Every structure is written in structure tokens, then in C-alpha cells.
Amino acid sequence: MEVKLLRIDSRLLHGQVATDWVKSTGVSHVLVVCDNAAKDVIRRRLLLQVAQPGVKVHVLTVAKMIRIYQDERFAKLSVLILVEAPIDAVRLLIGGIKVKSVNVGSLSFDQTRKMITETIAVNEQDLKALTWLKKQGIMLDQRKVSNDPKKDLWKTLSDKGLV
């Protein structure tokens, strides 16, 4: 399986992803990997409705994503993987999924998080996960849409004194 993009976005699949990122990566499948969404019938149905014609969308648990990644029957797929939080990206990589970079598009603000950009807020768990990714040699790409200039999220975190 060729992972064209692994994206962290607390909104998961939405207009920017369904149109811009799918088009720019040229994928045939969008895999929304979120344990909570996979178990929630209504949320899963809503995510599937955002799909563009010609692109297949599946909502999976992290464990199922790891299983299908290792299954030869899916070796020819070209996919965009969406996760809700940095810890899920870590879980996927520990499970054997191979990527060189992770795109961070949006992490929603709440009482536990500190805003670091217009669209990204992080807490301690996020920082630990992002640090783990960085230590694995993963580039942390900070962009909302594909034609935004590439920014290094690690540099942003460093400049803010968070890592």
C-alpha cells in the first residue's frame, strides 16, 4: 500500500481534504482512521457522505488499518490516511505503516490545548507524540491545503519554546 499522505486533522474528512488533498495526491482511497468514528454509525455515515465521486472512503479503527496495511491484497492501493490526533499517527507507525512525513492540518482548541498557529492547538500528549514522530525522522509538515507553502511544525514548536 502506498501512503501518499498521512494527515492529522481533528476534523478528519471535510471539504479541504475531500477536494484539495485528494486531488493533489491523486489517491484512489481515503482511509479515515479513528477508533471513535469507526464505532459511531452516525459519524461514520457523515464522513462517508463527504467523499468525492470516484474516490472510495473507508472509516477504520487503528487496529484494522494496521492489519490491512500488512495485507498483500491491498498492496496496490494509493491512499490518503486521516487521523484525528498525533497519538494515532504514532500508533500507526508503531504498527508498521511507513511514511516520511506527516501533514498536520488542524488540531482543535480545548481547555487542555494551547494555540500555536491559526489552526493548530497542542497539549502535553500531542507534544509527546509529535516529539516521538520527530525522533523517528518524520518531517512534520504544517499546511491546511496542498498549495500552502510548506512549514516545519517542529520549528514552530521550537520557536514557541514547547520542545
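Which residues does L6 touch, once we leave out those up to four places away in sequence? Hi everyone, let's start there. Please keep in mind that this is a predicted model. L6 touches I81, V83, A89, L92 and L93, and also V99, S101, V102 and N103.

Now let's step back to the core. L6 is one of the residues with the most contacts inside the largest nonpolar core, along with L31, M65, I81 and L92. That core has 36 residues. Who contributes to it? The elements giving two or more residues are the strands β1 (2-9), β2 (29-33), β4 (78-83) and β5 (101-106), together with the helices α4, α5, α6 (124-135) and α7 (153-159). Helix α4 gives the most, with five residues. There is also a second, separate core of 19 residues, and V17, V32, A37 and V55 are among them.

On to the helices. Two packed helices are described by the angle between their axes and the distance between the axes. Let's take α4, residues 62-69, and α5, residues 86-94: they pack at about 35°, with axes 10 Å apart. Their crossing is right-handed. On the α4 side, the contact uses V62, M65 and I66, and on the α5 side D88, R91 and L92. By class, that makes four nonpolar residues, two charged and no polar ones.

Now look at α5 with its other partner, α6. Here the angle is again about 35°, and the axes are 8 Å apart. The crossing of α5 and α6 is left-handed. From α5 we have P86, I87, A89, V90, L93 and I94, meeting Q125, D126, A129, L130, W132 and L133 of α6. This contact counts ten nonpolar residues, one polar and one charged.

One last stop, for those of you who like charged side chains. Where is E84 found? E84 sits in the loop between β4 and α5. Its side chain makes a polar contact with the side chain of R43, at 2.6 Å. Leaving aside neighbours within four places in sequence, E84 is in contact with R43 as well as I8, D9, S10, L12, V33, C34 and L107. And if you'd like to find L13 from there, E84 and L13 are 71 residues apart in sequence but 9.6 Å apart in space, C-alpha to C-alpha.

Key
Residues numbered from 1 in each chain as written. Predicted model: local features only at pLDDT ≥ 70, side-chain atom pairs only at ≥ 80, totals over all residues. Heavy atoms only, no water. Axes fitted to C-alpha atoms, helices over the stretch in contact; angles between N-to-C directions. Helix = DSSP H or I, 4+ residues; strand = E, 2+ residues; numbered from the N terminus. Left-handed = near helix turned anticlockwise from the far one by under 90°. Contact = heavy atoms within 4.5 Å. Nonpolar A, V, L, I, M, F, W, Y, C, P; charged D, E, K, R; others polar. Core = buried A, V, L, I, M, F, W, Y, C linked by side-chain atoms within 4.5 Å. Buried < 20%, exposed > 50% of the residue type's maximum accessible area, 1.4 Å probe, protein only. Polar contact = N/O pair within 3.5 Å; in protein donor to acceptor, adjacent residues only side chain to side chain.
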